[in-house]
Each structure stands twice: as structure tokens, then as C-alpha cells.
Amino acid sequence: MTEATLSGSDRSLQEAFDVALLDLDGVVYRGAHGVPHAAQAVDSAREGGMRTMFVTNNAARSPQTVARHLTDLAIPTGPEEVTTAAQAAAALVASEADADTRVLVIGGDGLREAVLAEGLDVVETAADAPTIVVQGFAPTLGWPDLAEAVYAISAGADFVASNIDATLPTERGMAPGNGSLVAAVVHATGVQPRSTGKPQPEIFHQAAERSGARQPLVVGDRLNTDLAGARAAGYPGLHVLTGVDGIDEVLRARPGERPEFLARDLRGLAESHPQPFRDGELWRCRDASVSIREGQVVLHRDGAELLLGETSVRMDEFRAAAAAAWDASDTAGVDTVLSTPDQPAQLASD
Ligand SMILES: [Mg+2]
């Protein structure tokens with residue numbers, strides 16, 4: 001990975017990489033429902049010899065609970081195939097622990113179990129003089145819990161957060177995530193926590209180690225967590241369009257959060273990936289040709305020129321457009337040369 005642009009792979013990704021480090025929400029399921037084609041795609045990847053490790057910033061649910069949910073969605077999964085931000089946080093605390101370490105857990109059962117699984121001493125309140133506070137999301141967290149955290153941190157305890165996502169997707173929309181509850185504690189104490197969840201690299205390093213991966217591939221739907229974490233960890237990332245960030249966000253991605261591969265959905269694991277290349281003013285990817293002109297992506301089709309946004313874009317045009325837009329933006333030294341889209345870009349159907 002010398003520069004932050006798309007890579008190519010002549011072999012399918014499930015042949016080229018030994019373990020997929022898969023995000024959950026927006027990749028495998030959305031809320032209670034499976035993402036279309038996800039179960040078959042995971043099945044096919046496993047049959048092709050690729051192993052799977054699900055990596056989630058959700059610290060409220062235990063690996064057993066996540067594995068059961070996946071199994072219910074026709075993706076048979078054991079708890080050893082799940083790495084949570086709670087486990088990553090607990091591993092960090094354990095790596096620094098000594099005989100005096102006492103942990104105050106502010107969070108759900110998943111976090112408490114992860115800390116206990118590391119053999120750490122858990123205390124119940126700030127009055128027990130904890131040396132470290134670990135905070136993760138739970139829908140039941142309230143003022144009394146946050147108050148215990150503030151008392152302990154004000155008395156000198158260290159502070160670790162499983163993740164600092166501002167929002168949490170729910171069936172009714174975005175709700176406050178762990179980062180928003182952590183912000184209340186930060187506001188009251190002036191102390192910033194260390195975090196081990198995405199986009200920090202620790203959770204991916206731990207997931208790769210636990211799965212024995214030699215060539216891991218991160219798969220995600222959010223540039224600023226999954227793909228930024230992949231870059232930070234030094235692993236290639238596949239971005240799928242079934243979740244949060246769509247075509248327009250990918251085209252405007254900054255170098256630190258760019259994927260190396262793009263796919264419509266998890267079926268992209270079974271495909272080879274053509275690499276875009278520059279050809280004069282154009283960027284090409286197989287039969288697709290695009291250029292960047294005055295802040296717009298121009299699609300060159302059969303001698304005609306169409307603007308992205310006026311028509312749906314084919315997968316290879318999307319790949320060429322990403323490479324073209326990133327190159328133009330890097331050359332200009334700006335976050336993006338593209339103007340704000342009038343309407344969201346749409347992917348053409350197969
Ligand atoms: Mg996601």
C-alpha cells in the first residue's frame with residue numbers, strides 16, 4: 001500500500017485473502033434483517049476457503065449473542081468468530097494490568113463478561129477505588145452509571161472507552177452511541193479516554209491474531225470507522241454499498257479512509273477486481289472510461305458524455321471514477337475536487 005487508491009486482484013478476493021474481517025451492521029445485517037445476498041456470499045466465501053471473523057464496535061452484546069443472531073440469519077457462526085470492541089478494550093486493560101488493577105465497568109453484560117474473561121478484578125462503584133474505568137454502550141446506562149464513572153475518574157482512575165461512535169443506528173434512525181455518553185463523562189471530568197474500537201487499529205489487529213490471519217481483508221460500509229481502521233491497521237479494505245456510505249461519499253474519501261476494493265455487496269468477495277488506470281485525460285477500468293471536469297464526474301459511453309447523477313453508474317465506472325477523483329483531489333491538495341452532488345449517485349443494476 002504505497003498510495004491510497006484502488007488495487008486490483010486477478011483472483012477473487014476469497015482466494016487472495018485468508019480471513020475476512022467483516023463489519024456487521026450495513027454489511028451482513030441491517031437491524032433485525034439480513035442484507036440481501038449476504039448469507040449466500042459468506043457461505044460461498046467459506047466454501048472457497050476464506051475464513052470469517054466478525055468485528056463489531058458494539059460492546060453491549062457478547063460474542064455468544066452476536067453469533068446466535070448471525071446463525072439465526074442463516075450465517076452459522078461460533079463465538080470464536082466474533083471480536084467485539086468490548087473484548088478489544090478488555091485486552092488493552094489486561095495488557096497493562098498489575099495486581100492492584102481494579103476495573104469499574106460502565107456498560108452492558110458484553111463488556112462486563114469481556115473484562116471478567118481477562119481475569120481482571122471488577123468493582124461495583126467508585127467507592128471501591130477502581131484504578132481504571134471502562135465504558136461501553138448499553139441501552140440501560142443512566143445518570144447513576146455516568147456519575148460513578150465521573151467520581152472514579154476525578155479521583156484519578158484511568159479511562160478507556162470501547163469505542164467513541166457518536167451515533168448508533170436503530171430501526172427508528174440514528175440514536176446516541178457510546179461516544180455521546182462518553183462525551184458526558186469527558187465534559188464533566190476534562191479527561192479524554194483511550195479507545196480501542198474502530199477506527200483504532202487495535203480491534204483489527206486482535207481480530208487478525210485471534211483468527212490466525214496471514215492476509216486479512218477488512219470489509220465494511222463506513223469510511224470513517226471500518227475503512228479508516230483498515231488503513232490504520234495496515235490491511236486492505238473492501239467497501240460495500242449496502243450500508244452507511246454510498247458512491248458520493250466514496251468518491252470524496254480522504255486518503256486515510258479510502259478502500260482498496262469496491263463492491264455492490266458481499267458478492268464482491270467471489271469476484272476478481274479490475275484495477276483502474278490513467279489513459280491521458282481519462283481513467284479507465286475494463287470497458288469503462290471517466291474523467292473529472294469542473295468538479296463533476298463525466299462518464300464517457302459510446303462517444304457520448306454523461307454526468308454522474310444524470311444516470312446510474314456501472315460498477316467499473318464507479319471504480320474508475322474513484323481513482324480519478326482521488327487522484328485529482330490529491331494533485332490539487334484538497335479533500336475533494338468534486339462539488340456537492342445535486343442528487344445521490346445511483347448504481348446501475350446488474
Ligand atoms: Mg457498519
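What is the order of the six strands in the open sheet? Select the strands (DSSP runs of E, at least two residues, numbered from the N terminus, as helices are, from H or I runs of at least four), and you can read β5-β4-β1-β13-β14-β15, with parallel pairing. Two strands pair if DSSP finds at least two bridges between them.

A word on the model: it is predicted, with local features needing pLDDT of at least 70 and side-chain atom pairs pLDDT 80 or more, while totals for chains, interfaces and linings use all residues. Residues are numbered from 1 along each chain as its sequence is written, and side-chain values use heavy atoms, leaving out hydrogens and water.

Next, colour the edge strands, β5 (82–84) and β15 (261–263), each of which pairs on one side only. Then pick β1 and β4 (51–56), joined in the parallel sense over four bridges; Val-19 stands opposite Arg-51 in β4.

Now show helix α4 (85–96), which lies across β4 and β5 at about 65° to β5. Angles run from 0 to 180 degrees between N-to-C directions, with axes fitted to C-alpha atoms, for helices over the stretch in contact; contact means heavy atoms within 4.5 Å.

Asp-25 sits in the loop between β1 (19–22) and β2 (29–30) and Asp-221 in the loop between β13 (216–220) and α9 (223–233), so the pair ties together parts 196 residues apart in sequence.
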